[in-house]
Amino acid sequence: MENHRISTNLFHLTMPANFIDKRNLNRRILLLQRSQSHPLSSTSGEEALKCFKEDPSLFDMYHAGYQEQMSHWPEQPVNIIMNWLKDRSSSLVVADFGCGDARLAKNVKNKVFSFDLVSNNPSVIACDMANTPLDSSSVDVAVFCLSLMGTNFPSYLEEAHRVLKPNGWLLIAEVKSRFDPNTGGADPNKFSKAITDLGFSSKLKDFSNKMFILLYFQKKEKQSSQTKEIEWPELKPCLYKRR
């Protein structure tokens, strides 16, 4: 039987010719996402950006599987972030790092700059999230909703620190397994310390959900003039679980 092979420097996906219908394709994508060689977790953002630029369909495949998997979660972290914003002034300017389908921008009144590696949507800016076109100290809220992918994820957080105004908010939602030291995940306290060393204050850690954690930080009004070496914990690849 003839096989169709999709190949990049990030991963390989081989599909038989009759393996085209949506259900089977989604199943293949989910198997890919569950593997330890998760394409966005095991490479740098720059490498992933290059790969997806060469073949944007791979990005579409990734997000198709991502959306299918998230549909099984009883609660969506982006909805919690939406409600957090709705409880505050709509004048707050938001930067959504790794926005996916830009759901956040579509559901709040705030001005939202939506960033992702690839864009099929004119409202989404395609870029490496370590280098956005935003001016320094220009936004009030930076959001990472299940988007701290890539081996260079600290550079994304450094970029968020750059673009945030003093006292601006950093909101992070991540898969819970990535912050479970008992299963090889990062120590959430060490992760939080790294972010505070970057120039933030930790305001809230919410571990109440079974699927994801929510971390809230606020950029310090006065930044230290001394450069401090930050010890960033490694974040393991995402393992999305169905419930």
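Are Trp73 and Phe212 buried or exposed? I looked up both: Trp73 is buried, and Phe212 is buried too. Buried means under 20% relative accessible area, exposed over 50%, partly exposed in between (1.4 Å probe, protein chains only).

I note the ground rules. This is a predicted model, where local features need pLDDT of at least 70, side-chain atom pairs count only at pLDDT 80 or more, and totals for chains, interfaces and linings use all residues. Residues are numbered from 1 along each chain as its sequence is written, and side-chain values use heavy atoms, without hydrogens and water.

Next, I searched the whole structure for aromatic pairs and got nine. Rings of Phe, Tyr and Trp (its six-membered ring) pair if their centres lie within 6.5 Å; planes under 30 degrees apart are stacked, over 60 edge-to-face, the rest tilted.

Trp73 is in the loop between helix H3 (56-70) and helix H4 (77-86), and Phe212 is in strand E9 (residues 212-219), so the pair ties together parts 139 residues apart in sequence. Helices (H or I, at least four residues) and strands (E, at least two) are DSSP runs, numbered from the N terminus.

Then I checked Phe191 and Trp232. With centres 6.5 Å apart and planes at 65°, the pair is edge-to-face. Phe191 is in helix H7 (residues 188-198) and Trp232 in the segment after E9, 41 residues apart. Phe191 is buried, at 0% relative accessible area. I also found that Phe153, Phe179, Phe191 and Trp232 form one aromatic cluster.
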